[in-house]
Amino acid sequence: MYAIKAAVEKANITPDMSISDICEAMKTAMTQITVDGLTSEGMTWQASGEPNKEPKAVVIKNGAYVSAE
């Protein structure tokens with residue numbers, strides 16, 4: 001969800017845009033953002049939609065996510 005939000009903000013998408021324009025803007029923006037998430041830091045996306053990321057594992061300890069190192 002955070003990746004979609006970042007791409008929407010990067011593309012300056014507004015409610016008055018057509019669906020076609022939104023899709024085109026999102027396709028471009030997804031290749032220009034970097035997102036840190038629970039399963040990886042510094043995730044990027046290729047034009048094909050494939051993510052580039054270094055997977056990481058976490059565990060829940062005392063109710064919080066911690067590195068599984």
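## Salt bridges and contacts in a predicted model

Leaving aside residues up to four places away in sequence, Ala-6 touches Ile-33 and Val-35, where contact means heavy atoms within 4.5 Å. The structure is a predicted model, in which local features need pLDDT of at least 70, side-chain atom pairs count only at pLDDT 80 or more, and totals for chains, interfaces and linings use all residues. Residues are numbered from 1 along each chain as its sequence is written, and side-chain values use heavy atoms, with hydrogens and water left out.

Ala-6 is placed in helix α1. Helices (H or I, at least four residues) and strands (E, at least two) are DSSP runs, numbered from the N terminus. With a relative accessible area of 21%, Ala-6 is partly exposed. Here buried means under 20% relative accessible area, exposed means over 50%, and partly exposed lies in between (1.4 Å probe, protein chains only). Ala-6 and Thr-34 are 28 residues apart in sequence, and their C-alpha atoms are 8.3 Å apart in space.

**Salt bridges**

Side chains of opposite charge can pair when their charged atoms come close. A salt bridge is a side-chain nitrogen of Lys or Arg within 4 Å of a carboxyl oxygen of Asp or Glu. A search of the whole structure finds 3 salt bridges.

| Pair | N to O distance |
|---|---|
| Lys-5 and Glu-9 | 2.5 Å |
| Glu-24 and Lys-27 | 3.1 Å |
| Glu-41 and Lys-56 | 3.3 Å |

Lys-5 and Glu-9 are 4 residues apart in helix α1 (residues 2-10), so about one helical turn separates them. Lys-5 is partly exposed at 45% relative accessibility, and Glu-9 is partly exposed at 48%.

In helix α2 (residues 19-30), Glu-24 and Lys-27 are 3 residues apart, a separation of about one helical turn. Glu-24 has a relative accessible area of 45% and is partly exposed, whereas Lys-27, with 54%, is exposed.

What do Glu-41 and Lys-56 tie together? The two residues form a salt bridge, with 3.3 Å between the closest N and O atoms. Glu-41 lies in the loop between α2 and β1 (44-45), and Lys-56 lies in the loop between β2 (51-52) and β3 (58-61), so the pair ties together parts that are 15 residues apart in sequence. Glu-41 counts as exposed at 53% relative accessibility, and Lys-56 counts as partly exposed at 36%.

**Ser-40**

Ser-40 has its place in the loop between α2 and β1. Is Ser-40 buried or exposed? The relative accessible area of Ser-40 is 0%, so this residue is buried. A polar atom of the Ser-40 side chain lies 3.0 Å from the backbone oxygen of Glu-54. Residues up to four places away in sequence not counted, Ser-40 touches Val-35, Lys-53, Glu-54 and Lys-56. Val-35 is also touched by Ala-6, and Lys-56 is the salt-bridge partner of Glu-41.

**Strands β3 and β4**

Two strands pair if DSSP finds at least two bridges between them. Strand β3 is joined to strand β4 (residues 64-67) by 4 bridges, and the two run antiparallel. Val-59 stands opposite Val-66 in β4. β3 and β4 form a hairpin, with 2 residues between them. In the turn, Asn-62 has a positive phi of about 55 degrees.

Methods: A polar contact is a pair of N or O atoms within 3.5 Å; within protein, one must be able to donate a hydrogen and the other to accept it, and residues adjacent in sequence count only if both atoms are side-chain atoms.
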